[in-house]
Amino acid sequence: MTDRNIRVEPIDRLAVEDQEVEIVERKGLGHPDSICDGIAESVSQALAQTYLDRVGKVLHYNTDETQLVAGNAAPAFGGGEVIEPIYLLIVGRATQEYETDDGVVHHIPTGRVALEAARDYIDANFPELEFGTDIVVDVKLGEGSGDLQEVFGEDGATVPMANDTSFGVGHAPLTQTETIVYEAERRLNGEYHETNPELGQDVKIMGKREGDEIDITVAAAMVDSYVGGLEEYTEAVEGVREFVTDVAHEHTDREVNVHVNTADDLEEGSIYLTTTGTSAEQGDDGSVGRGNRANGLITPNRSMSMEATSGKNPVNHIGKIYNLLSTRIAEAVVAEVDGIRDLRIRLLSQIGRPIDQPHVADAHVITEDGVAISDVRPEVEGIVDRELADVTDVTRSVIEGELTTF
């Protein structure tokens, strides 16, 4: 067995579920930061697939610097209009020319690939946002660093070399509050939106638990063309509140209070009404990596990496691979090993070292009462080793869209 420097240790702290105060956040699909994450990752997948189709392997690229500049809109009951379009700039590096072993030089239209991917993502996820008029997308992809391209494309290597000395963090299982926040946003932007088109995609959820009382605060953008007046708006807000309350009670017996659009001033007519379903239409800018972590949540009660996961290449960029892999490892350990109450996985790379051999793989475990760390250490070490040995499957899963990055 390869020496992967795996350490399994107890951690002297309360499990998050047992801490007195817990805070959890999720920025929904249409939040400006999430728009950047989603487009950057969509472009990343498209570039990776294009490289595979044309030259048989993924070449060096990163699109994780995508930025959004808010537009200007005039929402109104029954339907308003966009005055100034949202501007989105896809920034990064991408190999545009590659010579294969047979001497054929391949020219890859990275700019066109990026634009098509962005358009497809917008069309698929934002029915009220018209590509080219409501949102304008620009692409600036330069060539990558020669040194990093060499590290990226080690000829004959079955496992890529890490492109950076960096780390990833994952944890499991999710707490009740984390589960509620995550599931509520996903289901609001899924099943609920399908029958309630007045709800836009910009749904931000903040969860706070004090003791056994959970407060969920929802900011939900409403789409003006589906709302005829203030009464319909208040009904739409109440519909969201009732739905989130029902979702919460599926995951907890604790007391739950749900608050929706608390900044509204109905008497003054100041409400969260939009034309396109996102606050990006008026005043809210966005950037890749400023929102959800790789597990889809922002969790100040837990260790987090500040790396932007979306848009990074899925072959050897540790900021992507180790954050996704550490989460996968944590979930696998909790699913397969009995007696674990809380688990944190930290993976540290060293540039130029094979990504299946981290500088350290660190598992911090809180066990259930009556379970000693020695009881679970061999199983935990075995799962960590197994998942590290299969690290390249993360690359495949990302390119095929099986793993989400935000």
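Is helix α8 (residues 392-399) mostly covered or mostly open? Mostly covered: six of its eight residues are buried. This is a predicted model, so read everything below with that in mind. The buried set in α8 is D393, V394, T395, S397, V398 and I399, and these residues pack against α1 (32-55) and α6 (318-336).

R396 in this stretch counts as partly exposed, at 33% relative accessibility. The R396 side chain meets that of E400 in a salt bridge, 2.9 Å from N to O.

## How α6 meets α7

α6 also packs with helix α7 (residues 373-389), at an angle of about 140° and with the axes 10 Å apart. Angles over 145 degrees would count as roughly antiparallel, so with its angle of about 140° the pair is classed as oblique. The crossing of α6 past α7 is right-handed.

On the α6 side, the contact uses L325, R328, I329, A332, V333 and E336. Facing them in α7 are E379, V380, I383, V384, R386, E387 and L388. By type, the residues of this contact split into eight nonpolar, five charged and no polar.

## Salt bridges across the chain

In total, the structure holds 30 salt bridges. One of them pairs D356 with R4, with the closest N and O atoms 3.3 Å apart. D356 sits in the loop between β17 (340-348) and β18 (360-367), while R4 is in the segment before β1 (6-10), so this bridge ties together parts that are 352 residues apart in sequence. Both D356 and R4 are buried.

Another one brings the side chains of R254 and D212 together, at 2.9 Å from N to O. Here the partners are 42 residues apart: R254 is in the loop between α5 (230-249) and β14 (255-260), and D212 is in the loop between β12 (199-210) and β13 (213-223). What about their accessibility? R254 counts as buried because its relative accessibility is 15%, under the 20% cut-off. D212, on the other hand, is exposed, with a relative accessible area of 53%.

## A serine in α1

Back to α1, one of the helices that the buried residues of α8 pack against. S42 is found in this helix and is buried, with a relative accessible area of 17%. Which residues does S42 touch, leaving aside those up to four places away in sequence? The answer is A117 and Y121.

A few backbone spots deserve a look if you're checking torsions. A172 and P173 are joined by a cis peptide bond, with omega about -10°. P173 lies in the loop between β11 (167-172) and α4 (176-195).

Then there are two asparagines. N5 has a positive phi of about 50° despite not being a glycine; N5 is in the segment before β1 and is partly exposed, with a relative accessible area of 25%. N261 also has a positive phi of about 50° without being a glycine. You'll find N261 in the loop between β14 and β15 (273-274), where this residue is buried, with a relative accessible area of 7%.

Definitions and conventions
Residues numbered from 1 in each chain as written. Predicted model: local features only at pLDDT ≥ 70, side-chain atom pairs only at ≥ 80, totals over all residues. Heavy atoms only, no water. Buried < 20%, exposed > 50% of the residue type's maximum accessible area, 1.4 Å probe, protein only. Helix = DSSP H or I, 4+ residues; strand = E, 2+ residues; numbered from the N terminus. Contact = heavy atoms within 4.5 Å. Salt bridge = Lys/Arg side-chain N within 4 Å of Asp/Glu carboxyl O. Axes fitted to C-alpha atoms, helices over the stretch in contact; angles between N-to-C directions. Parallel < 35°, antiparallel > 145°, perpendicular 65-115°, else oblique. Left-handed = near helix turned anticlockwise from the far one by under 90°. Nonpolar A, V, L, I, M, F, W, Y, C, P; charged D, E, K, R; others polar.
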